[in-house]
Amino acid sequence: MMDNNFFDYSLAMERIKSVTGCKTQQDLAKFLGVSQSCISDAKKRMAIPAEWLLKLLRKQGINPDWIRSGIGAQYLHPSESNSEILPNSQHRPSSSCMMQEFFFSLVRRAMDGRAMDSKKLT
């Protein structure tokens, strides 16, 4: 769940609805692949589950930070064909991706290289 101290739940939900084209909780539940009661529960808690942000990123390239704050790029990746984003191992980070994601991608690649080097030694 997102930290309620750093975002306005109502505005974040409006951004989600606007970018997905969903008008009702039922529409949003169908889009996210969850039950309508999950949408109601999130509203009661005033918290957006991280899984929803991940689904929005994977399905349409929507920037989770933009959902949360309304600041920055709306999309991390162009979503012209509405095709799902490839896993990190199949593409290089785009110039608009967050620095933290880029850093973790570099660390993963470095660790993968170390694992390959140690296998060569044995």
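Me: What makes helix 1 roughly parallel to helix 4?

Reply: Helix 1 and helix 4 pack at an angle of about 25 degrees, with their axes 12 Å apart. Axes are lines fitted to C-alpha atoms, for helices over the stretch in contact, and angles run from 0 to 180 degrees between N-to-C directions. Angles under 35 degrees count as roughly parallel, over 145 as roughly antiparallel, 65 to 115 as roughly perpendicular and the rest as oblique. Helix 1 is therefore roughly parallel to helix 4. The model is a predicted one, in which local features need pLDDT of at least 70 and side-chain atom pairs count only at pLDDT 80 or more, while totals for chains, interfaces and linings use all residues. Residues are numbered from 1 along each chain as its sequence is written, and side-chain values use heavy atoms, with hydrogens and water left out.

Me: Which residues of helix 1 and helix 4 meet, and what is the handedness of their crossing?

Reply: In helix 1, M13, I16, V19 and T20 meet W52, L56 and Q60 of helix 4, contact being heavy atoms within 4.5 Å. The crossing is left-handed; that term applies if the near helix is turned anticlockwise from the far one by less than a right angle, and right-handed applies if clockwise.

Me: Why is helix 2 called roughly perpendicular to helix 3?

Reply: Helix 2 and helix 3 pack at about 110 degrees, with axes 8 Å apart, so helix 2 is roughly perpendicular to helix 3. Their crossing is right-handed. Q25, Q26, L28, A29 and L32 of helix 2 meet Q36, I39, S40 and K43 of helix 3.

Me: How many helices and strands does the protein have?

Reply: The protein has six helices and zero strands. Helices (H or I, at least four residues) and strands (E, at least two) are DSSP runs, numbered from the N terminus.

Me: Why does M46 count as partly exposed?

Reply: Buried means under 20% relative accessible area, exposed over 50%, and partly exposed in between (1.4 Å probe, protein chains only). M46 has 41% relative accessibility and therefore counts as partly exposed. M46 lies in the loop between helix 3 and helix 4, and its phi is near 55 degrees, a positive value in a residue other than glycine.

Me: What makes a set of residues a nonpolar core?

Reply: The set consists of buried Ala, Val, Leu, Ile, Met, Phe, Trp, Tyr and Cys residues joined through side-chain atoms within 4.5 Å. The largest here has 20 residues, and I48 and I67 have the most contacts inside it. Helix 1 gives the most to this core, with five residues.
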